[in-house]
Amino acid sequence: MKYYYDLHLHSCLSPCGDMDMTPNNLVNMAKLLGLDVIALTDHNTSLNCEAAIKVGEEVGVLVIPGMELTTSEDIHAVCLFPTLEKALAFSQYVDENRIHIRNKAAIRQ
Ligand SMILES: [Zn+2]
């Protein structure tokens with residue numbers, strides 16, 4: 001059996017995301033595109049994963065909780081977690097320990 005997937009997606013919580021990239025819209029767009037599995041990997045946060053997982057359960061798309069972690073060397077590492085709880089715990093750790101830099105909305109990646 002073939003599975004179609006995308007394990008690197010951002011929502012509106014990422015600086016590169018549009019405001020219409022809600023968890024609901026992302027998961028339903030994945031469904032329309034025929035994806036079976038997606039990972040939500042917002043920059044330095046997993047806070048939209050719970051909502052995406054709930055929508056995924058409703059429409060039949062497996063949502064893996066994730067994050068795109070930016071290191072102090074500006075390396076972007078996609079992190080995937082086995083459970084929502086582990087993702088949220090890591091997200092909290094990152095939020096408490098990272099350098100908070102004000103977003104410049106006019107600059108998009
Ligand atoms: Zn990314």
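Strand 2 (residues 37-40) and strand 3 (residues 62-70) run parallel and are joined by 4 bridges. The model is predicted. In it, 4 strands form an open sheet with mixed pairing, in the order 1-2-3-4. Strand 1 (5-9) and strand 4 (76-80) stand at the edges with a single partner strand each, so one side of each has no neighbour in the sheet. On average, neighbouring strands of this sheet are turned by 25° against each other, direction ignored.

**Strand pairing**

- Strands of a sheet pair through backbone hydrogen bonds, and the pairing is either parallel or antiparallel.
- Asp 6 stands opposite Ile 38 of strand 2.
- From strand 1 the chain crosses through helix 1 to strand 2, and this β-α-β crossover is right-handed.

**The nonpolar core**

- In soluble globular proteins, nonpolar side chains tend to be buried together.
- The largest nonpolar core here has 15 residues, and those that touch the most other members are Leu 26, Val 27, Ile 38, Leu 40, Ala 52 and Val 63.
- Helix 1 (23-32), strand 2, helix 2 (49-59) and strand 3 each supply at least two residues of this core.
- Leu 40 is in contact with Leu 9, Ser 11, Leu 26, Asn 48, Cys 49, Ala 52, Val 63, Pro 65 and Gly 66, if residues up to four places away in sequence are not counted.

- Beyond its neighbours within four places in sequence, Ile 38 touches Tyr 5, Asp 6, Leu 9, Ala 30, Val 61 and Val 63.
- Ile 38 and Ala 52 are 14 residues apart along the chain, and their C-alpha atoms are separated by 9.6 Å.
- In a regular strand, the side chains alternate between the two faces of the sheet.

**Helix 2**

- Which residues of helix 2 are buried? They are Cys 49, Ala 52, Ile 53 and Gly 56.
- Seen down the axis of helix 2, these buried residues fall within an arc of 100°, so they line one face of the helix.
- An α-helix has 3.6 residues a turn, so residues three or four places apart point the same way.
- The buried residues of helix 2 pack against helix 1, strand 2, strand 3 and helix 3 (84-97).
- Just after helix 2 comes Gly 60, with a positive phi of about 85°.

**Asn 28 in helix 1**

- Asn 28 has its place in helix 1.
- Asn 28 is partly exposed, because 16 other C-beta atoms lie within 10 Å, a count between the limits of 12 or fewer for exposed and 20 or more for buried.
- Asn 28 is in contact with Val 55 and Val 59, leaving aside neighbours within four places in sequence.
- From Asn 28 to Asp 74 there are 46 residues in sequence and 31 Å in space, C-alpha to C-alpha.

**Two loop residues with positive phi**

- Asn 44 is found in the loop between strand 2 and helix 2.
- The phi of Asn 44 is near 60°, a positive value in a residue other than glycine.
- Asn 44 counts as partly exposed, with 18 C-beta neighbours inside 10 Å.
- Where is Asp 74 placed? Asp 74 is in the loop between strand 3 and strand 4.
- The phi of Asp 74 is near 65°, which is again a positive value in a residue other than glycine.
- Asp 74 is exposed, because 6 other C-beta atoms lie within 10 Å and the cut-off for an exposed residue is 12 or fewer.

How values were computed: Residues numbered from 1 in each chain as written. Predicted model: local features only at pLDDT ≥ 70, side-chain atom pairs only at ≥ 80, totals over all residues. Pairing = 2+ DSSP bridges. Axes fitted to C-alpha atoms, helices over the stretch in contact; angles between N-to-C directions. Core = buried A, V, L, I, M, F, W, Y, C linked by C-beta atoms within 7 Å. Contact = placed C-beta atoms within 7 Å. Right-handed = clockwise from strand over helix to strand, strands pointing away. Arc of directions from axis to C-beta.
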